[in-house]
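Here is my note on the model, point by point. Please read it with the structure open.

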Amino acid sequence: MASPAQKVSHTRHAHIRALAAAAFVAAGFAAGAQEVRVEVVKHADGRPIPGALVVVIPEREPTSVGKFSDRDGRATLTAPRRGGYRVRAEQVGYDTWVSVVLVPSSAPTRVRAGMKPRSLRLPPLTGRSETHCSNLAEQVTVAGDMWGEIRKALAANSITESQGLAPLDIESYDRVVDQNGSVVSERSERRRGNSIRPYNVIALPPGASGAEVSPVFSVPEASTLLSDQFLTTHCFTAIRGAGPENGLLGLEFKPAKLGNRPDLSGVLWLDPATHSLRHLAFDYVNIPVSLRAARATGRVDFQQLTGGEWVVTRWQLRIPRRDHAPTAGANAIAGYREIGGVARNAGSPVVAPVATAAATGATRITGSVFDGTTGAPLPGVEVSTFSGSHRTSTNRGGGYELATDGATTDSLVFDHPRLRLFRVPRVRPVLVASGGRAQVSVVIPSVAALRQTLCPAGGSRLQPSGLAVGYVRDDAGNPVADAQVSATWQVLWIEEKGRLISTNERRSVDGRTNADGSYLLCGFTRDTPVTIRVTVDGTPRVEERYPIPRSMVLERDFRIPAR
């Protein structure tokens, strides 16, 4: 007779297999098959739950099909042509709902899933050394509860990517850095896609690791973490976050046994208030001895979209490089190889109208604003139609929603000091039919992209041109227009065709503030600090000296004191 732990394990793995299979299924079965019309609502008051993952699980067929419920909590799926099936609805923060066995019929089947909110048990206030790491089947309380919420997000991410439900603007990189973090070489790529896969992989060259078989390192995918192989070969512990993860809950995992190949260890972090998966921080353990002087580590950030889809917004993997210099020690590290990137939800300014019998009701325009210079959403952005008839602001997550009446043919205006500062286009066209939906998003590029865009003529490949931006205001906070802003710095040496031709050369660049008080200067280098001077009406008012940050983007605002 199976033990309770084995029963829990069997049920959990069956759920995982069903959801993983749904991620790789085609959009539907043969034309003319029976419809299953599902309505997902809150059990207490019957209000719709948008963004829930609804899955039809056949008993006789090997594949399942899944969709996310719309803003009215509805999803229409296709039932199998023969045999019974079940309907499962799940959403982060709610108990999973499963129907009784249903049988296909000639008429559409209507299912109403009433879901109840759930609460997470908190791990004890103990140190890591006092926690017990065990298989998930043995932890039917804290760790099991946390895995249940994490599994929902990972399964939804698999379906989102496999079915191409969220178009993404993807910027990826592959670079080599030295021990100080300076970039030695770098390749980057920009593309539009529905998935960040395939992930880049770091494969060590033969003999580089000292092992008989050179290992291959990759960013773990959702399917890897959901697999029976991963769950049965790792043990798990529920922990509380500290430091940067303070306030979060973590599901720590590590190999139950170390084999002869690199394996994953890490923590899946989630928000206890929303039950949402935040990010995965991982390390590769059991790596070759020649690389153990430094960590092989990485991170994957997750985000849920308004439609229920889950996407990866950022990923990174860093592997140490062995120093092969004759004078280096046997296990000396020369630097790192890094791969990673950023993915942003790519809203289209023109969206086809929602298919409906009568094009009535509110027209919705949604989107988000993301600041690539900080790697975080940008709250407080004022979003309005060009005509000024509708207006709102982005929330703490950088999202917004405008509701209009009837068809909308207009432009959206995004206004925020950082958008003006970095010269980001702030007017975007939008066209949406009555009762339809449109999505318009804005992204501030990364600091590297801004330097190339705003300072295209300066610098070189080895020493790119620096960028200084900011605002000049008076004591009352009003912008100071047409003020002169200058930057001076020393170039320690100047070479021409490999020969030193000059040393300690003083250079400068000037500019003037715009009507909103913003300024932009290009040209300085990383070698020495830069001195910035602000002159108003021919009189120097402010002079300050700054070191150049590694990003080569110096962002400083100035206040002009009253005379």
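1. C455 counts as buried, because its relative accessibility is 6%. Buried means under 20% relative accessible area, exposed over 50%, and partly exposed in between (1.4 Å probe, protein chains only).

2. A word on the source. This is a predicted model, in which local features need pLDDT of at least 70, side-chain atom pairs count only at pLDDT 80 or more, and totals for chains, interfaces and linings use all residues. Residues are numbered from 1 along each chain as its sequence is written, and side-chain values use heavy atoms, with hydrogens and water left out.

3. Which residue pairs with C455 in a disulfide? C522 does, with the two sulfur atoms 1.8 Å apart. A disulfide here is a pair of cysteine sulfur atoms within 2.5 Å. The link is left-handed, at -70° about the S-S bond. The pair joins distant parts of the chain, 67 residues apart: C455 sits in the loop between α6 (447-454) and β28 (467-474), and C522 in strand β31 (residues 518-522). A search of the whole structure finds 1 disulfide.

4. Next, α6. Its buried residues are A449, L450, R451 and L454. Their cover includes β9 (183-193), β27 (442-444), β28, β31 and β34 (553-555).

5. The overall fold. The chain has 6 helices and 35 strands. These are DSSP runs numbered from the N terminus: helices are H or I, at least four residues, and strands are E, at least two. Of the 563 residues, 46% count as buried. Among contacts with a separation of 6 or more, 60% are between residues 24 or more positions apart. Contact means heavy atoms within 4.5 Å.

6. The cores. A nonpolar core is a set of buried Ala, Val, Leu, Ile, Met, Phe, Trp, Tyr and Cys residues joined through side-chain atoms within 4.5 Å. The largest has 53 residues, and L154, L268 and L317 touch the most other members. Helix α2 (residues 142-162) gives this core its largest share, 10 residues. Beyond its neighbours within four places in sequence, L154 contacts W147, A222, L225, L226, L277 and F302.
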